[in-house]
Amino acid sequence: MCGIVGYIGEKKAKPILISGITRLEYRGYDSSGMSIIEDEKILSEKSVGRISELEKKIDGKFNESSLGIVHTRWATHGAPTIENAHPHYDCSGKIAIVHNGIIENYNYLKAKLESDGHRFTSQTDSEVLAHLIESHFDGVLEDATRAALKEVDGAYGLAVISLDDPGKLIAARRGSPLIVGIGNGEHFVTSDVAAILEYTKEVVYLDDNEIAILTKDTMKTIDVDNVEITKRIDEVEWNLDKIEKGGYEHFMLKEIYEQPQSLQAAMLGRFEKDSDLVHLGGLKDKEDDLRSIRRIIIVACGTSWNSGLIGEYMIEEHLSIPVEVEYASEFRYRDPIIEANTMVIAISQSGETADTLAAINEAKKKGAIILSICNVVGSSIAREADCGMFLHAGPEIGVASTKAFTSQIAVLSLLTLFMARIKGKDDVLNSELASRLKEIPEQVQKIFDSKDKIIEIAQLYKDSENCLYLGRGYNYPVALEGALKLKEISYIHAEGYPAAEMKHGPIALIDKNMPVVVVATTDRIYSKILSNIEEVRARGGKVIAIASEQNNEIANLVDHVLYIPETIDALVPILSVIPLQLLSYHMAVMRGCDVDKPRNLAKSVTVE
Ligand code: F6R
């Protein structure tokens, strides 16, 4: 959500800033802007819309500078206009800042600064930072930034440059990710490593309340009280090819097709050799704590919440530990009860979702042990947790989450197997969970053979205004996820429901114009879902069924069938969601939607 890139070095800053911010466009894309220091001036340009608009505006300009900052915005305070686009400046135009996050006391600060004579030109909360730094400026940019940040409530990832202290790039973080990249005679600042991977893999993850003072050759890190901090340099494990489209038309499509590999990567090195026993490096030191867990609360948002629901069913079925799944945004504000031996599992692809981060902070205060399941190594949630597991799915750039969802289910299965091992639950260890999980990547690959059929169905229903998704048991969260995927990228109104709930209300909506996607794999409640299909058909609804491949009867009962390979109930969601991802993708593309950057959305929601 919003992206920041900064550069200081010997190379030309403009192409580095543009290529970096273009890679972050998936984080927010309603406006953008750049400031550089050149010929003893700060030069800036901003535009509304995509980065390509900014590029047009700076064509032939900004060519000499080796120091600059750039931003792509997802509006929170103030509409997406030129005035509200970042960078923002102080009154003299000598200080420029780019900011991610929200300054919660900005109204108070703005009023105070205005009464001191500062003139504001935007409706954003971010602009107060530029004026606040100006009000403290006495020739040393880091001192002014530090003093300003002491007055600020809220979250920030911030980069600052100043004409009156040139040759410096200041970066600061609290609650919104910021990373320093280390090159040869150069430094980068970014809110997401994807922006700088082309130039360096050596990074320093700033922690909350830390400020980095960067010149081209030096980096010093201090806290807001000016105490120097020694930081570890990490190496990013992702390669450049992982953040490129690799011949696919969209990142979303690439990420859907990557799932056999991303699922394989989730399991890699986690099973004991030639065995079904699971070892998880990130939980090794916590085995005693985990053994005594009596209750689990899963907190997450969106797609990650849907996978959490599958985790609930799986853990309760196999480990008999009670599990609740909470929307992180609700959990954090409702004074939840956390008893001894409660574990909170935070699931987040990005590891930066503000609501999920706040939820685990709340749970931590109440004494829960926090386990994170994240994709992004070095992310805030992974670092705040007591222990955790990474998905190793590679970067997910399409705004609609796909491969993270299936990897989250795979990792929840591994967690279930791990807990079964340390708790000595032989029934689970001797069940098919491990052996069937190992088969899953190949089975996902097989589903791609139905591509043409999926495209045919997409063509028939692409002009629908509404769509209903039904599922029961483990397939109920899949129905939710299928509906979420369709609505967010195609803008078709879609709802997911437990199939039996349909008759308590949504059935009123069914007529010949309502496609109903029913996830009806052959599981222990299959016969029940057949009755739900009949109820839809009786009212003229069109049924698209997702069914197990050995099912010979269902084709006679519905309008269309998409078959998936057979597996155990707990793992079905990894397979049943694949046709739904592809159906949404193709319907959205046929409707002319920009599937990688759906309207109003952004990857990684780092605001409340
Ligand atoms: C849906 C989607 C969102 C995210 C949600 C949580 O396709 O991408 O619903 O799942 O914003 O994000 P993470 O998993 O990064 O915490």
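Lys168 and Asp165 join their side chains in a salt bridge, with N and O 2.7 Å apart. Both partners are hidden from the surface: Lys168 is buried, and Asp165 is buried too. Keep in mind as you look around that this is a predicted model. Across the whole structure, a search finds 45 salt bridges, so there are others to visit, given that a salt bridge needs a side-chain nitrogen of Lys or Arg within 4 Å of a carboxyl oxygen of Asp or Glu.

Here are three of these pairs side by side.

| Salt bridge | N to O distance |
|---|---|
| Lys168 and Asp165 | 2.7 Å |
| Lys254 and Glu258 | 3.2 Å |
| Lys485 and Glu488 | 3.3 Å |

Next, take the pair formed by Lys254 and Glu258. Is Lys254 buried or exposed? Its relative accessible area is 8%, so Lys254 is buried. Glu258 has a relative accessibility of 16% and therefore counts as buried as well, because the cut-off for buried is under 20%.

Now turn to helix H17, which covers residues 475-490 and holds both Glu488 and Lys485. These two residues sit 3 residues apart, about one turn of the helix, and they form a salt bridge. Lys485 has a relative accessibility of 1%, so Lys485 counts as buried. Glu488, with a relative accessible area of 15%, is buried too.

Note on methods:
Residues are numbered from 1 along each chain as its sequence is written. This is a predicted model: local features need pLDDT of at least 70, side-chain atom pairs count only at pLDDT 80 or more; totals for chains, interfaces and linings use all residues. Side-chain values use heavy atoms; hydrogens and water are left out. Buried means under 20% relative accessible area, exposed over 50%, partly exposed in between (1.4 Å probe, protein chains only). Helices (H or I, at least four residues) and strands (E, at least two) are DSSP runs, numbered from the N terminus.
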